Amino acid sequence: MRNLNFIPAIIITTIVVSIVLFVAFHFIFLDLFVDLWWFQSIRLENYFWLRLLYKFFLSGAVTLFFFTIFFFHFWIASRYLGLNPQDEVLSNFDQNVKFQKFSEKFLYGSAKIYTPVALILAIFIAIPFYDQWETTLLYFFGNRSGVTESVYGNDISFYLLSLPIYKLIQPELLSTAVLIFLMVGALYWLEHIFVPNQNRELHPGAKIHLGVLIGFVVLFVVWGFMLQRFSLLYTDSHEPVYYGPGTIEIRYQLPLIWLGIVSFLAMAVTAGVYIFSDMHRNKTPFFIALATFLVIWGLPNVEFIPDFISKYIVNPNPVRTERPFIQHNIDATWNAYDLKNIKTVDLPVKLNAAEDIATWSSQKRFENIPVWDREHLISSYKQLQEIRPYYQFTNVDEDRYPIFDHTRQVNLSAREINTSKLPEEAQNWENIHLRYTHGYGAVITSAAQDADKPLVWYLRDLNMSSSAGLDVKYPDIYYGEGQYDYAIVPNKLKVVDISSSNLSADPGISKDYHGEGGIQIDSLFRKALLAIYLKEEKIFFSTNISNESKIKINRNIASRINKLTPFLHLDNDPYLVVGKDRLYWIQDAYTLSNKYPVSKPQEFEFARDKHRFNYIRNSVKIVVDAYDGDLDFYISDPSDAIIQAYDNAYPGLFKNLKEMPDELRQHLRYPRDLYSLQMKVFAKYHQQTPEAFYEQGETWQFATVRDNPVMPYYQTMDFGNCNDKEEFVLINPMTPVNRDNLSMIGLAGVMDKDKCGQDYKPGITVYKFGKDVQVNGPAQVEALINQNPEISANFTLWGQAGSTVEMGRMIILPMGNTVLYVQPIYLTSTKNRIPELTRVIVSIGDRLVIDTTLWSAFNRLKQFYLKDAADIKETGAAKAIVKPDGQ
């Protein structure tokens, strides 16, 4: 019967242990195993263990650190609690024996209490560090950047790498010191109540202990005041004029912080003297220091003084008083957004374009003007080249390839898998995960084209037909921009009769996978764990999965990169590169910080996540193999202090950009998101003197057309920088605020203009127009187009019989000392939505012509300007003849 009494306890214990094991397996070991296998599949196992080691080592070290602090002080307190008996107790043998027994029991028994208490308190205090362990990592592995901020004179790396950890540690250490002081002080006080026969005075050791704890509290409070100085660097009270500290912060609030530190130290010293000194026990110095501290502490909340300074000192002389602080903001913002690589060129504009037209009279210059923009081209790709219901084109990229006789600008897109477009009855587990597992191939078309002609295809169809000699050995796309589910390849499934005959079989479906990517499913153990992990029992029971099968997970390139390097922020536009062996994705990645001192913050959305920051670098170029899923990280900006710290922390993860294969490096480009952000900042901060910045008379904005901003677009052109070599650049036109005339054209590229080779050297050239000549903006050119009778008549005619007329993106190019405008016109059928390039409008100055080819339109403009030049010359000669007769 006695044994039966243990049955409920055994059952309860079994249930509890089972629950604990299930939770540990499901939430810890299952993810650990699958993540390990996944990292092994991409040959980054060392990085996996190193990252795991850092996370748990730093988290455990912080917890151990705070546990040691709590335990040490509780242990010290236990040595003095109740151990200060009166002399009568020590002189009486019996009472002394009882006291010794009590002391030993308390000394050794209290450890059973304060040890778990110390552990609980340590975990509670260390919780903020568990989520921010990478902040600690940057602190330990960071180096100096070599750039100094101008307010306090600190290296920028202090703010990017050190200050965040200081701000994290200081309140935790202060909380710990205060908590220990209160708990230990309470224990020392309570001993006089519950422990008999104690002296009225505390033990000298206890006094020293409390004094040390008070010292730590004072130290951490002073450290908090010191850190408060740096918060002044992020003041936004002067917005929208400028960002950062001004006269009030530096000349008024900063001295108050220093006075607060001095008065607090004086208060602490006088309090310590009063408490621990047997002589000079005078309260007056303490109360004077306390009153002084409270007054100084409260002054920042008194609005009268800063209002008085603003009204009578700053506002009457804003530029003079705030000049150094405005300059701090300008310099910091230029450094933080990497605007130092911008070269400004004053471009005088000639009203007569005859000379520039003669210089530009080369057919080659017009073979790369992108009259097809990706917003209109995607419909043609979908209608003409998706071919099968389970394929899709997600978006269109721009690039340049050596085709025929020179570098040509192209549009291209990957044919990715999309099983959601299959018939509903075909959307089963076997089809989605074993049969329709990947996309296949890509399409490439010319960006330039004559109107009223079909698209020029350089790569098309499922047989990868190419008129330009492009050939890809493994065109399969297992990793891309789509939201892919997991795939299991190769498998035993025989793909039969997907197409009507073998001649029309889809090579993207009928071929087995022979690559290296994916987690090998070579044991029942792996099968079982993966089935549990993916919540799909068919993985374990399916007979179509063999020992050679591999399961591919994390197939969206953005989520794949984020899982590996969550500290990188991804550009919104990864782009496809067609290599000789396979297809690749190149993803630009950024390091961000909101801690750059005195730099104007911006908000931007990267990969569907909105971020607020005031420092950005395009530090990394990431290459993703579309066939195997391998990832390579190349450092593109080694001057960035943040990426330097990560490179030191994770040796072997990042590579030098020079190690990138040539066939990929020649496709590197200036990121569109970065350029858009930089131009947004530069629109105001190109005014580099405090006087001009305060006046804001030259502030720009993105040029607009049809109430929409003209965003940067890619253009391949020979701009005369590298011996007739084409450059692939981003172009961005800007106008004055609330005006439509053009102020500048910005070009951003990556070609080293000194060496003119494949070396990666990002830079921006801004062609700035003078104020003496009006240069048409895109909205003004469009107004001229709409006012032209010939063009308006054509628009009316074309807009009949089931078609709509659409105006594409306007191309704006600097052409010598004039500006060339190209406006493509599309006709789109209301039935199939396939656009057709029907005409191009070319404009220089106030002249514009409409034609079917750029070359023909340009020649017509050339005749106009040559005639104008001849008329001007003839008129000038006539005046010279008439003038003597009139004297």
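Buried means under 20% relative accessible area, exposed over 50%, and partly exposed in between (1.4 Å probe, protein chains only). Helices (H or I, at least four residues) and strands (E, at least two) are DSSP runs, numbered from the N terminus. The model is predicted: local features need pLDDT of at least 70, side-chain atom pairs count only at pLDDT 80 or more, and totals for chains, interfaces and linings use all residues. Residues are numbered from 1 along each chain as its sequence is written, and side-chain values use heavy atoms, with hydrogens and water left out.

**Exercise 1. Overall description**

Task: State how many helices and strands the protein has, and what share of its residues count as buried.

Solution: 
- Start with the DSSP runs. The protein has 26 helices and 31 strands.
- Turn to burial. Of 887 residues, 51% count as buried.
- Finish with contacts (heavy atoms within 4.5 Å). Take those in the protein with a separation of 6 or more: residues 24 or more positions apart account for 68% of them.

**Exercise 2. The two sides of helix 10**

Task: Find which residues of helix 10 are buried, and which exposed residues sit on the face turned away from its buried side.

Solution: 
- Check the geometry. Helix 10 covers residues 284-298, 15 residues in total. From first C-alpha to last it reaches 21 Å, close to the 21 Å expected at 1.5 Å a residue. That expected span is 1.5 Å times one less than the number of residues.
- List the buried residues: Ala289, Phe293 and Ile296.
- Locate them around the axis. They cover an arc of only 70°, which puts them on the same side of helix 10. The arc is that of the directions from the helix axis to the C-beta atoms.
- Find their partners. The buried residues of helix 10 pack against helix 8 (204-231) and helix 9 (247-276).
- Look at the other face. Turned away from the buried side, it carries the exposed residues Ile288 and Val295.

**Exercise 3. Aromatic pairs**

Task: Count the aromatic pairs, then work out why the pair of phenylalanine 66 and phenylalanine 129 is tilted.

Solution: 
- Set the rule. Rings of Phe, Tyr and Trp (its six-membered ring) pair if their centres lie within 6.5 Å; planes under 30 degrees apart count as stacked, over 60 as edge-to-face and the rest as tilted.
- Count. The rule gives 52 aromatic pairs.
- Classify. The ring centres of phenylalanine 66 and phenylalanine 129 are 6.1 Å apart and their planes stand at 45°, so the pair is tilted.
- Phenylalanine 66 is in helix 2 (residues 45-80) and phenylalanine 129 in helix 5 (residues 111-131). The pair links distant parts of the chain, 63 residues apart. Both phenylalanines are buried.
- Take another pair. Tyrosine 646 and tyrosine 650 are stacked, at 6.4 Å centre to centre and 5° between the planes. Tyrosine 646 is buried at 6% relative accessible area. Tyrosine 650 is buried at 1%.
- Extend to a cluster. Ring pairs link ten names here: Trp38, Phe39, Tyr47, Phe48, Trp49, Tyr54, Phe141, Phe567, Tyr646 and Tyr650.

**Exercise 4. Charges over rings**

Task: Which ring lies under arginine 526, and which under the charged end of lysine 552?

Solution: 
- Apply the test. NZ of Lys or CZ of Arg must be within 6 Å of the ring centre and within 35 degrees of the ring normal.
- Arginine 526 lies over the face of tryptophan 37, 4.6 Å from the ring centre.
- The charged end of lysine 552 sits over the ring of tyrosine 478, at 5.0 Å from its centre.

**Exercise 5. Backbone checks**

Task: Where is proline 240, and where is lysine 535?

Solution: 
- Check omega. A cis peptide bond joins glutamate 239 and proline 240, with omega about 5°. Proline 240 is in the loop between helix 8 and helix 9.
- A cis peptide bond also joins valine 489 and proline 490, with omega about -15°. Proline 490 is in the loop between strand 9 (487-489) and helix 16 (507-510).
- Check phi. Lysine 535 has phi near 55°, a positive value in a residue other than glycine. Lysine 535 is in the loop between helix 17 and helix 18 (538-541). Its relative accessible area of 67% makes lysine 535 exposed.
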